[in-house]
Amino acid sequence: MNSIDKLFLENKAWANERRKDDPSYFKRLSEIQTPEFLWIGCSDSRVPANEITGTDPGEIFVHRNIANMVVHTDLNLLSVLGYAVHHLKVQHVIVCGHYGCGGVKAAVTQHNFGIINKWLRNIKDVKRLHQSEIEQLPTDEQQLNRLVELNVEEQVIHLAKTSIIQKAWQYHHRPSLHGWVYNLEDGLLKKIKEIQPNDVIDDLYCYDNL
Ligand code: CO
């Protein structure tokens, strides 16, 4: 059996299993989705949002890209964020990075990755912003791990800079913003950063007339 056929076979088995546990499972899910969380994670195949949080389909709205970035010109991310916040009315937005992130590793090299350079530039900017702190760490691994954490922190701050989040804070006092890092070696999540609705952010990024 080829690998694609195997996916279809597994899909059939999974659907049967779900129906056996709960005959109305698919009918219920097909009618409405009311997730409480938006997950912005890395595309890395080892960090699946639902599995590592023990959640089911319908519980987390998911966006993933290389190195879990919140780039203010990324129409894809902004569309997902706007839909999740204004229509699905999520209570929490989670940015989840992970140690050993290939995107972060690539960004600290001088290697030319072609079109990916433009994406990795955003991570290089995070490194430059925190260069003095990172340099103080003795090993390359520690420096990379800290950059993974700082990158998550910056992306959470980027969320707070969007008019989408500021508007939701002003009118609905939600969502909370969370920055986490996942450890591939033990499967555990670590809290890095949290911003609550209407926490103070830099004036320069605050909009009026929201
Ligand atoms: Co990654």
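Domain 1 and domain 2 together bury about 360 Å², and 62% of this area lies on carbon and sulfur atoms. Arg18, Leu29 and Ile32 account for 79% of the area that domain 1 buries against domain 2, more than any other three residues. The model is predicted.

- The domain assignment places residues 1-32 in domain 1 and residues 33-205 in domain 2.
- The contact draws 5 residues from domain 1 and 5 residues from domain 2.
- Taken over C-alpha atoms, the centres of domain 1 and domain 2 are 30 Å apart.
- The interface of domain 1 and domain 2 holds 1 salt bridge.
- Arginine 18 and aspartate 56 form a salt bridge through their side chains, with an N to O distance of 3.6 Å.

**Cobalt site**
- The cobalt ion has as protein donors Cys42 (SG), His98 (NE2) and Cys101 (SG), at 2.0 to 2.3 Å.
- The spacing of these donor residues in sequence is C-x55-H-x2-C.
- Both histidine 98 and cysteine 101 are buried.

**Strands**
- Strand S3 (residues 92-98) is largely enclosed by the rest of the structure, because 6 of its 7 residues are buried.
- S3 pairs in the parallel sense with strand S1 (residues 37-42) over 5 bridges, and glycine 41 has cysteine 96 of S3 as its bridge partner.
- S3 also runs parallel to strand S4 (residues 176-182), to which 7 bridges join it; here the bridge partner of cysteine 96 is tryptophan 180 in S4.

Definitions and conventions. Residues are numbered from 1 along each chain as its sequence is written. This is a predicted model: local features need pLDDT of at least 70, side-chain atom pairs count only at pLDDT 80 or more; totals for chains, interfaces and linings use all residues. Side-chain values use heavy atoms; hydrogens and water are left out. Donors are N, O and S atoms within 2.8 Å of the metal (3.2 Å for Na, K and Ca); water is not among the atoms, so sites may look incomplete. Buried means under 20% relative accessible area, exposed over 50%, partly exposed in between (1.4 Å probe, protein chains only). Helices (H or I, at least four residues) and strands (E, at least two) are DSSP runs, numbered from the N terminus. Two strands pair if DSSP finds at least two bridges between them. Domain bounds come from an automatic or database domain assignment. Contact means heavy atoms within 4.5 Å. Buried area is the accessible area (1.4 Å probe) that two parts lose on being put together, summed over both. A salt bridge is a side-chain nitrogen of Lys or Arg within 4 Å of a carboxyl oxygen of Asp or Glu.
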